[in-house]
Each structure stands twice: as C-alpha cells, then as structure tokens.
Amino acid sequence: MRLLLAVLMMVVLAPVASAEPLTRPPTAKCEFIPTPENPAARPVPVPSAVVPAKGTVKVTIVTNYGVVVAKLDRANAPCAVENFAHLARHWFYTMTQCWRLTDTARLGVLQCGDIYRAEEGGPGYRFADEVTGAETYPRGTIAYGNQGPGTNGSEFFIVHSFANIRPVYTVMGHVIHGMDTLDRIVEAGIVPQPDGTLDGAPRKPVRILHVLAG
C-alpha cells in the first residue's frame, strides 16, 4: 500500500510539460505541369509539389573550363531552387552543353541547361515564374531562362558581366566561387552572327561534366 501511495504521489507531483506549438520549417507549393508537346529530353521524375521555402542549396557546376560554385536561395525562389537541385541529383545536366554565350552592351550571359540545342531539350514539364518585378541581374547571378511567362524548365543562365534585361527571369542565387571560369569561357570567344553580334555559340564548346547539389 505504501508503495502504491508513493507512486501516486510521484505522478501527482510530477511537473507537467508545457504544450508548446511545434514549429515546422516553411514550405511552398509548386505546380510542375507536364508538357507533352515538349517531352523530356532525358528521363526524369517530376519534383515534389511541396518544397522547402527556407535555407540555401550549394551547387557545384563542373565544366571543361573549370568549376563554378553557386549558393541558391530557397526563400527567394523555392520552386526554382528545388527544381534545379532535383535535376542535378537525377543527372539531367550531366554531360550537357552550354549552347549560347553573349557579350554585348546589353547582355553578358552563358546560357545552359538545354539538351539538344539552345532552348530545346527540357525536362518534360514547366513551372511558374517566381519574380517580384524588382529583380536585377548583376555579375554572378544565376537565373532561370524562359520562352515566355510560366515556361521554366531546365534552361538557366549565369551572368558573366551584366544583364540589362526585364525583371521576368527567376533569380535562384549567385556564384560564390569560380567567376574566373566564366571569364575564361568569354575570353575563348563567341561564334559571331552574320551581323557581327557577339551572341551565339561559344567558339570552343562549353560542356557541363556534372552538377552536384547539396
């Protein structure tokens, strides 16, 4: 009996834990819409519809010119960042080519991410823009390319000088190491257009050997 009373007293006198609400990391909902008219150039599953909306993702782009390391911001563009990391982890960008290089008074970017040629060969789906209208694109910016509103897929560009363009391209993040790799690519030259504009294929092919996302 004494033992039972002692146990009951311990239960009654035990401190009650406060019921504090559990804080869950913020998330965002994304809609990845299939594009049967533009099927996947390489087999890749569709990313999750619910993605993290906080934190950063470090990506390492290994090219035949050297390495470029970028930090992607989930809070700024959760769907775009998740998609880029998803494609990288499924080897979509491995052994691909950057088809376009520009070095004009308005635009200085390296465009990559398409499998077949510039603006052809995506993942078989598209997703919406994540822009505010106040975006700028200074040197080192990494952003998604598109062919109109809501047509993001796998194509992306890195600004090697500046980009005086409309704020309609989703900014994923910025290069934190390896801008000298971009400088070497630009120095190697561009195949000029008939009008002499420096907006075309890199004179020496730029190949992405692999992309790591952590």
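Reader: What does Met 172 touch, leaving out residues up to four places away in sequence?
Author: Met 172 contacts Lys 71, Leu 72, Asp 73, Ala 80, Val 81, Phe 84, Ile 142, Ala 143, Tyr 144 and Phe 156; contact means heavy atoms within 4.5 Å. This is a predicted model, where local features need pLDDT of at least 70, side-chain atom pairs count only at pLDDT 80 or more, and totals for chains, interfaces and linings use all residues. Residues are numbered from 1 along each chain as its sequence is written, and side-chain values use heavy atoms, with hydrogens and water left out.

Reader: Which residues of the largest nonpolar core touch the most other members?
Author: Met 172 is one of them, along with Ile 61, Leu 72, Phe 84 and Phe 156, in a core of 45 residues. Such a core is a set of buried Ala, Val, Leu, Ile, Met, Phe, Trp, Tyr and Cys residues joined through side-chain atoms within 4.5 Å. Buried means under 20% relative accessible area, exposed over 50%, and partly exposed in between, with a 1.4 Å probe and protein chains only. Helix 2 supplies the largest share of this core, 7 residues. Helices (H or I, at least four residues) and strands (E, at least two) are DSSP runs, numbered from the N terminus.

Reader: And what lies apart from it?
Author: Another core, of 9 residues, with Leu 107, Val 109, Phe 157 and Ala 163 among them.

Reader: Switching to pockets: what volume does the largest one have?
Author: About 360 Å³. On a 1 Å grid over the protein atoms alone, a pocket is an open set of points where a 1.4 Å probe fits, with protein on both sides within 12 Å along at least five of seven lines; lining residues have an atom within 4 Å of a point. A volume is the space filled by probe spheres set on the points, which are joined across faces, edges and corners.

Reader: What about the second largest pocket, which strand gives the most to its lining?
Author: Strand 8 (residues 107-112), with 3 residues. Glu 119 is among the lining residues of that pocket, as are Leu 107, Val 109 and Phe 157.
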